[in-house]
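This briefing sets out the fold and the helices of one protein for computational work. Please consult the sequence and coordinates below alongside the text.

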Amino acid sequence: MQEIKCCICGKRIPVVEGNNPYPVKEWSAIGSTKNRCCHSCNSNFVTPYRIMLCGSSEAKVNWTHEILKSYTYERLVEVTEQVFGKEIA
Ligand SMILES: [Zn+2]
């Protein structure tokens, strides 16, 4: 089974388990071997930011995406914990 690295945390995952990491990282299609993230990053980061940005202007979504993708994993964890008031294991 072909494996890839989660583009958010770096964990190795089978291609079939990759999720689209947008807006945390670049958008990607199902089956892509680039810019895919694991299930835990999908639920810890991607889904909360998508919900937060739901209904936001395109400009705000783009602006948030630019900031999120510039973060290291450690910074992303720190900011996400602050923004959503939850602890990420
Ligand atoms: Zn991950």
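In this predicted model, 42% of the contacts between residues at least 6 apart in sequence join residues at least 24 apart. The secondary structure comprises 3 helices and 2 strands, arranged along the sequence as β-β-α-α-α.

**Overall dimensions and burial**

- The radius of gyration is 13 Å, which agrees with the value near 12 Å that a compact globule of 89 residues would have.
- The C-alpha trace spans about 40 × 30 × 20 Å along the principal axes of the protein.
- Of the 89 residues in the protein, 24% are buried.

**Helix H1: geometry**

- Helix H1 covers residues 39-53, a run of 15 residues.
- From the first C-alpha of H1 to the last, the distance is 20 Å, close to the 21 Å expected at 1.5 Å a residue.
- The helix bends by about 35° at Val46, and Pro48 is a proline that follows within four residues of that position.
- Just after H1, Gly55 adopts a positive phi of about 85°.

- The buried residues in H1 are Cys41, Asn42, Asn44, Phe45, Val46 and Tyr49.
- An α-helix has 3.6 residues a turn, so residues three or four places apart point the same way.
- The packing partners of the buried H1 residues are helix H2 (58-70) and helix H3 (73-84).

**Arg50**

- Arg50 belongs to helix H1.
- Arg50 counts as partly exposed because 15 other C-beta atoms lie within 10 Å, a number between the limits of 12 or fewer for exposed and 20 or more for buried.
- Thr33 and Arg50 stand 17 residues apart along the chain, and their C-alpha atoms are separated by 22 Å.

**Helix H2**

- The end C-alpha atoms of H2 are 18 Å apart, which agrees with the 18 Å that its 13 residues should span at 1.5 Å a residue.
- Helix H2 lies largely in the open, because the number of buried residues among its 13 is 1.

Terms used
Residues numbered from 1 in each chain as written. Predicted model: local features only at pLDDT ≥ 70, side-chain atom pairs only at ≥ 80, totals over all residues. Rg over C-alpha atoms; globule rule 2.2 N^0.38 Å. Contact = placed C-beta atoms within 7 Å. Expected span 1.5 Å × (residues − 1). Bend = angle between axes of the 7 residues up to and from the residue.
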